[in-house]
Amino acid sequence: MILRRSLVPLFLFVLAACSPQSVPDADSAAAGALERSDPSAPPDSAVSSIAATRDSALTVAHVAIDGEGVRVIDSVTGSARPFPFGTQRTQLLPTLERILGRSTEGQNGECGFDYANWTNGLSLAFRDGRFVGWSLDERARGAVSSMSGVGVGSTRRDLDAAYAATVQESTLGTEFTAGAMAGLIDGPSAGDSITNMWAGEVCIAR
(Lines give C-alpha, C1' and ligand atoms only; values in the text may rest on other atoms or scores of the structure.)
Protein backbone atom coordinates (compact mmCIF):
# COMPACT_ATOMS: atom_id res chain seq x y z
CA MET A 1 0.00 0.00 0.00
CA ILE A 2 1.35 3.48 -0.87
CA LEU A 3 1.18 5.82 2.08
CA ARG A 4 1.44 9.60 1.93
CA ARG A 5 2.82 10.97 5.09
CA SER A 6 5.16 13.55 6.47
CA LEU A 7 8.25 11.83 7.88
CA VAL A 8 9.53 14.85 9.77
CA PRO A 9 7.97 13.88 13.12
CA LEU A 10 8.88 10.20 12.60
CA PHE A 11 12.39 10.43 11.27
CA LEU A 12 14.37 13.02 13.17
CA PHE A 13 17.94 13.52 12.08
CA VAL A 14 20.78 15.45 13.69
CA LEU A 15 22.96 17.07 11.05
CA ALA A 16 26.41 18.47 11.64
CA ALA A 17 26.41 22.22 12.15
CA CYS A 18 27.24 24.19 9.07
CA SER A 19 28.00 27.78 8.25
CA PRO A 20 24.97 30.05 7.82
CA GLN A 21 26.86 31.97 5.19
CA SER A 22 25.42 31.91 1.71
CA VAL A 23 27.00 30.80 -1.50
CA PRO A 24 27.67 33.99 -3.46
CA ASP A 25 24.54 34.78 -5.43
CA ALA A 26 25.25 34.11 -9.08
CA ASP A 27 22.95 36.85 -10.35
CA SER A 28 24.59 39.45 -8.07
CA ALA A 29 28.02 38.38 -9.24
CA ALA A 30 26.85 38.57 -12.82
CA ALA A 31 25.47 42.05 -12.27
CA GLY A 32 28.84 43.14 -10.90
CA ALA A 33 30.56 41.74 -13.96
CA LEU A 34 28.17 43.69 -16.17
CA GLU A 35 28.90 46.93 -14.32
CA ARG A 36 32.61 46.38 -14.88
CA SER A 37 32.14 45.64 -18.56
CA ASP A 38 32.77 48.13 -21.34
CA PRO A 39 29.69 50.41 -21.49
CA SER A 40 30.05 50.56 -25.25
CA ALA A 41 29.68 46.78 -25.59
CA PRO A 42 26.57 45.69 -27.51
CA PRO A 43 23.64 44.18 -25.57
CA ASP A 44 24.42 40.62 -26.69
CA SER A 45 27.90 40.88 -25.18
CA ALA A 46 26.45 42.07 -21.89
CA VAL A 47 24.02 39.17 -21.77
CA SER A 48 26.83 36.72 -22.55
CA SER A 49 28.89 38.24 -19.72
CA ILE A 50 26.05 37.66 -17.24
CA ALA A 51 25.52 34.05 -18.37
CA ALA A 52 29.24 33.24 -18.24
CA THR A 53 29.62 34.70 -14.76
CA ARG A 54 26.58 32.77 -13.49
CA ASP A 55 27.86 29.50 -14.92
CA SER A 56 31.33 30.08 -13.46
CA ALA A 57 29.87 30.80 -10.02
CA LEU A 58 27.92 27.55 -9.99
CA THR A 59 30.47 25.17 -11.45
CA VAL A 60 32.26 25.12 -8.08
CA ALA A 61 29.05 24.42 -6.13
CA HIS A 62 27.50 21.11 -5.10
CA VAL A 63 24.28 20.04 -3.37
CA ALA A 64 24.17 18.50 0.11
CA ILE A 65 21.18 16.86 1.76
CA ASP A 66 19.94 18.21 5.07
CA GLY A 67 17.40 17.03 7.60
CA GLU A 68 15.54 20.30 7.09
CA GLY A 69 15.95 20.54 3.30
CA VAL A 70 19.00 20.84 1.05
CA ARG A 71 22.04 23.10 0.95
CA VAL A 72 24.12 24.50 -1.89
CA ILE A 73 27.79 24.33 -0.91
CA ASP A 74 30.55 26.48 -2.37
CA SER A 75 33.24 23.86 -3.02
CA VAL A 76 36.01 26.46 -2.74
CA THR A 77 35.04 28.33 0.44
CA GLY A 78 32.83 25.70 2.08
CA SER A 79 30.09 28.26 2.73
CA ALA A 80 26.52 26.93 2.57
CA ARG A 81 23.24 28.37 1.36
CA PRO A 82 20.27 26.56 2.94
CA PHE A 83 17.01 25.83 1.12
CA PRO A 84 14.72 24.57 3.91
CA PHE A 85 11.40 22.79 3.47
CA GLY A 86 8.83 25.44 2.58
CA THR A 87 11.10 27.17 0.04
CA GLN A 88 9.29 28.22 -3.12
CA ARG A 89 9.79 25.82 -6.02
CA THR A 90 10.55 28.75 -8.32
CA GLN A 91 13.44 29.75 -6.06
CA LEU A 92 14.94 26.30 -5.50
CA LEU A 93 14.54 24.38 -8.75
CA PRO A 94 16.33 26.81 -11.11
CA THR A 95 19.26 27.02 -8.68
CA LEU A 96 19.69 23.25 -8.51
CA GLU A 97 19.25 22.82 -12.25
CA ARG A 98 22.13 25.22 -12.91
CA ILE A 99 24.29 22.91 -10.75
CA LEU A 100 22.89 19.45 -11.50
CA GLY A 101 21.45 19.95 -14.97
CA ARG A 102 17.86 19.71 -16.12
CA SER A 103 15.55 17.62 -13.96
CA THR A 104 12.71 15.34 -15.00
CA GLU A 105 9.46 16.75 -13.61
CA GLY A 106 6.11 15.08 -13.04
CA GLN A 107 3.28 14.40 -10.61
CA ASN A 108 2.75 11.66 -8.05
CA GLY A 109 -1.01 11.20 -8.12
CA GLU A 110 -1.12 8.67 -5.29
CA CYS A 111 0.65 10.91 -2.81
CA GLY A 112 -0.54 14.21 -4.23
CA PHE A 113 2.68 16.08 -4.89
CA ASP A 114 4.84 17.18 -7.80
CA TYR A 115 8.40 15.96 -8.14
CA ALA A 116 11.71 16.74 -9.83
CA ASN A 117 14.21 13.90 -10.36
CA TRP A 118 17.85 13.88 -11.43
CA THR A 119 19.94 11.04 -12.86
CA ASN A 120 22.21 11.24 -9.78
CA GLY A 121 19.42 9.72 -7.67
CA LEU A 122 18.15 12.90 -6.01
CA SER A 123 14.40 13.52 -6.06
CA LEU A 124 12.57 16.54 -4.65
CA ALA A 125 8.87 16.70 -3.70
CA PHE A 126 6.78 19.87 -4.01
CA ARG A 127 3.29 20.59 -2.72
CA ASP A 128 1.38 23.76 -3.62
CA GLY A 129 4.53 25.19 -5.16
CA ARG A 130 6.72 24.62 -2.11
CA PHE A 131 9.58 22.21 -1.37
CA VAL A 132 8.38 19.56 1.10
CA GLY A 133 10.74 16.57 0.86
CA TRP A 134 13.70 14.85 -0.79
CA SER A 135 14.88 11.30 -1.31
CA LEU A 136 17.96 9.49 -2.61
CA ASP A 137 18.06 6.14 -4.37
CA GLU A 138 20.95 3.80 -5.22
CA ARG A 139 22.14 6.06 -8.08
CA ALA A 140 23.21 8.66 -5.50
CA ARG A 141 26.16 6.52 -4.35
CA GLY A 142 29.13 8.87 -4.17
CA ALA A 143 27.17 11.70 -5.80
CA VAL A 144 25.06 13.29 -3.02
CA SER A 145 25.68 13.27 0.73
CA SER A 146 25.10 15.24 3.91
CA MET A 147 27.51 17.88 5.18
CA SER A 148 29.10 15.10 7.26
CA GLY A 149 29.71 13.02 4.15
CA VAL A 150 27.03 10.41 4.86
CA GLY A 151 24.99 9.29 1.87
CA VAL A 152 24.01 6.27 -0.18
CA GLY A 153 26.96 3.88 -0.10
CA SER A 154 28.10 4.96 3.37
CA THR A 155 28.30 2.13 5.90
CA ARG A 156 26.41 1.79 9.15
CA ARG A 157 29.77 2.40 10.81
CA ASP A 158 30.00 5.76 8.98
CA LEU A 159 26.43 6.58 10.00
CA ASP A 160 27.05 5.82 13.68
CA ALA A 161 30.27 7.83 13.66
CA ALA A 162 28.49 10.93 12.35
CA TYR A 163 25.05 10.72 13.98
CA ALA A 164 23.16 9.25 16.92
CA ALA A 165 21.14 6.94 14.69
CA THR A 166 18.54 4.36 15.68
CA VAL A 167 18.48 1.19 13.56
CA GLN A 168 15.62 -1.31 13.59
CA GLU A 169 13.90 -3.84 11.39
CA SER A 170 10.71 -2.63 9.68
CA THR A 171 8.48 -3.68 6.80
CA LEU A 172 10.96 -1.90 4.55
CA GLY A 173 13.99 -3.83 5.84
CA THR A 174 16.79 -2.52 8.05
CA GLU A 175 15.68 1.06 8.60
CA PHE A 176 17.51 3.86 10.38
CA THR A 177 16.26 7.12 11.83
CA ALA A 178 18.29 9.95 13.22
CA GLY A 179 16.76 13.37 13.51
CA ALA A 180 14.81 14.48 10.47
CA MET A 181 16.48 12.08 8.05
CA ALA A 182 15.87 8.38 7.61
CA GLY A 183 16.87 5.58 5.29
CA LEU A 184 17.55 1.93 4.61
CA ILE A 185 20.68 -0.20 5.14
CA ASP A 186 21.24 -3.45 3.26
CA GLY A 187 21.95 -5.36 6.47
CA PRO A 188 22.37 -5.09 10.26
CA SER A 189 26.17 -5.20 10.40
CA ALA A 190 28.55 -2.28 10.83
CA GLY A 191 29.97 -2.83 7.35
CA ASP A 192 26.60 -2.89 5.57
CA SER A 193 25.73 0.07 3.35
CA ILE A 194 23.00 2.67 3.10
CA THR A 195 20.84 2.11 0.01
CA ASN A 196 18.21 4.87 0.33
CA MET A 197 17.72 8.08 2.29
CA TRP A 198 14.93 10.60 2.69
CA ALA A 199 13.61 13.51 4.73
CA GLY A 200 10.42 15.54 4.86
CA GLU A 201 7.35 14.42 2.95
CA VAL A 202 7.86 11.35 0.77
CA CYS A 203 5.86 8.41 -0.58
CA ILE A 204 6.68 5.06 1.03
CA ALA A 205 5.10 1.67 0.36
CA ARG A 206 4.90 -0.26 3.63
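So, let's start at Glu110, which sits in the loop between strand 5 (104-108) and strand 6 (113-117). Keep in mind that we're looking at a predicted model. Is Glu110 buried or exposed? With a relative accessible area of 64%, Glu110 is exposed, because the cut-off for that is over 50%.

Searching the whole structure turns up 1 of them, and it joins Cys111 to Cys203, with an S to S distance of 1.2 Å. Cys111 is in the loop between strand 5 and strand 6 while Cys203 is in strand 13, so this pair ties together parts that are 92 residues apart in sequence. The S-S torsion comes out at about 90°, so we call this disulfide right-handed. As for the two ends, Cys111 counts as buried at 1% relative accessibility, whereas Cys203, at 25%, counts as partly exposed.

Okay, on to the inside. How many residues does the largest nonpolar core have? It has 31, and Val70, Leu92, Leu96, Leu124, Trp134, Leu136 and Met197 are the ones with the most contacts inside it. Several elements supply at least two residues each, including strand 2 (61-66), strand 3 (69-74) and strand 13 (194-205). Helix 3 gives the largest share, 4 residues.

Take Val70 if you want one to click on: among the residues it touches are Val63, Arg81, Phe83, Leu92, Phe131 and Trp134. Apart from that core lies another one, of 5 residues, including Ala182, Leu184, Val202 and Ile204.

Definitions and conventions:
Residues are numbered from 1 along each chain as its sequence is written. This is a predicted model: local features need pLDDT of at least 70, side-chain atom pairs count only at pLDDT 80 or more; totals for chains, interfaces and linings use all residues. Side-chain values use heavy atoms; hydrogens and water are left out. A nonpolar core is a set of buried Ala, Val, Leu, Ile, Met, Phe, Trp, Tyr and Cys residues joined through side-chain atoms within 4.5 Å. Buried means under 20% relative accessible area, exposed over 50%, partly exposed in between (1.4 Å probe, protein chains only). Contact means heavy atoms within 4.5 Å. A disulfide is a pair of cysteine sulfur atoms within 2.5 Å. Lists of a residue's contacts leave out its neighbours within four places in sequence.
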